[in-house]
Amino acid sequence: MKKIFKNFVSYLQIPLLFFSYYFFFLFKNYISKVNFVIGTDEIAKQIYSIGKALDNSITVCLRKNRFYDYKYNFSININNNFLLFLYKIFYGPILLGYLANKTEIFFYVWSRGFLLNRNHDFKFLKSKNKKIVCVFLGDDIRSLILKLSYMKNLSLDTGESYYSNISDEKYDEEKKFLALSADTYANLIFSSPIDNMSYLKSKQFFWRLTSEKKFFDKNEKKFQISKIKILHAPTHPAIFKATPLVRYAIKKLQKEGYIFDYVELLNVKNQLILEHLKSTHIVLNQFYSFIPGVFGIEAMASNCAVLMSADPNIDTEKIEGGEKAWLHTRYWEIYDNLKYLLDNTEKIKIYADNGFEFAKKHHTTDALGEYISNILKKNNII
């Protein structure tokens with residue numbers, strides 16, 4: 001019933017969208033133009049990062065993210081889901097109609113749009129000859145059925161038992177629809193073909209996560225080590241980041257007599273994590289993914305030695321230096337690799353320095369802007 005009602009309301013938004021577009025079209029000579037509009041769900045601060053990376057762009061965040069306090073050109077700061085739904089019924093189509101008079105290129109991050117049904121966004125924008133760029137980041141597009149089948153064929157394990165409770169036919173059908181929509185309407189798609197294994201048929205360009213230049217800090221003083229600090233900062237649910245296995249490794253090492261400070265930050269604001277990274281030596285990131293997450297990039301930018309499962313041989317761009325930028329650690333290797341660093345403390349700074357230089361070269365917002373622009377030019381988007 002809820003789905004039927006939402007679908008009914010989504011069609012009622014269409015006349016409001018067209019009214020908004022043509023109303024603002026009357027004043028088009030007075031509306032300043034921008035190169036890009038970027039929205040609408042903030043995930044891993046990607047809307048904010050793309051806005052920083054691309055000049056003359058507008059950022060739109062229509063769903064508040066509890067981990068970040070960034071400012072956007074247009075946003076909805078409502079926590080109640082029902083009130084958010086009511087507000088978006090009217091605000092979404094009015095805003096899209098206005099912005100369609102300001103730009104020719106729309107970046108869509110994650111799986112939602114301005115309207116309740118993003119397909120209606122896409123159909124409208126294509127009718128106005130606008131260009132659409134989709135940025136997929138993980139659970140928005142990933143088919144767990146395809147991913148787990150792929151991993152079984154490689155005799156690898158990405159924590160199948162952890163994901164099986166959310167992987168069903170209904171979940172998979174949603175991913176099929178989202179992929180079909182992007183294939184039909186998007187001019188360009190950014191994703192990760194293996195880690196975000198999906199039903200997409202179009203060519204996918206690898207996405208690069210970033211950290212702002214101001215957060216890059218090669219802090220030499222913290223390596224005058226009196227006691228090693230280890231940080232693990234998973235988002236919910238922690239089990240998907242292998243947190244129980246991290247705790248096991250930490251406890252075993254402590255029982256064996258290793259002395260260190262272990263800090264675990266669960267579901268906290270990003271700003272608090274960034275503060276802790278300044279004094280951290282070793283970061284335990286995520287251990288079921290094949291690409292670096294934002295936390296991994298931030299850790300390298302803060303000159304930390306990073307342990308994570310991101311695999312340069314499976315699903316990266318094969319960027320030079322990536323194989324030395326972090327200590328490749330699968331979930332069953334957390335204890336062994338952490339013990340290795342604690343036994344060979346000189347290696348901590350080597351990995352930290354390698355990671356810092358790698359992230360500084362490839363994962364700043366400036367580098368992202370250059371990377372995106374080159375791809376957009378090569379594909380006749382700009």
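Lys278 is partly exposed, at a relative accessible area of 44% (partly exposed lies between buried, under 20% relative accessible area, and exposed, over 50%, with a 1.4 Å probe and protein chains only). Its partner in a salt bridge is Glu275, with 3.1 Å from N to O; a salt bridge here is a side-chain nitrogen of Lys or Arg within 4 Å of a carboxyl oxygen of Asp or Glu. Glu275 also counts as partly exposed, with 39% relative accessibility.

The model is predicted, so local features need pLDDT of at least 70 and side-chain atom pairs count only at pLDDT 80 or more, while totals for chains, interfaces and linings use all residues. Residues are numbered from 1 along each chain as its sequence is written, and side-chain values use heavy atoms, leaving out hydrogens and water.

Side chains of opposite charge can pair when their charged atoms come close. The structure has 18 salt bridges. One of them joins Arg112 to Asp41, whose closest N and O atoms are 2.4 Å apart. Arg112 sits in the loop between strand 4 (105–109) and helix 4 (118–127), and Asp41 in the loop between strand 1 (36–40) and helix 2 (46–53), so this pair ties together parts 71 residues apart in sequence. Helices (H or I, at least four residues) and strands (E, at least two) are DSSP runs, numbered from the N terminus. Asp41 is buried at 3% relative accessibility, whereas Arg112 is partly exposed at 32%.

Another salt bridge links Arg142 and Asp139, at 2.6 Å from N to O. Arg142 is buried, with 10% relative accessibility, and Asp139 is partly exposed, with 34%.
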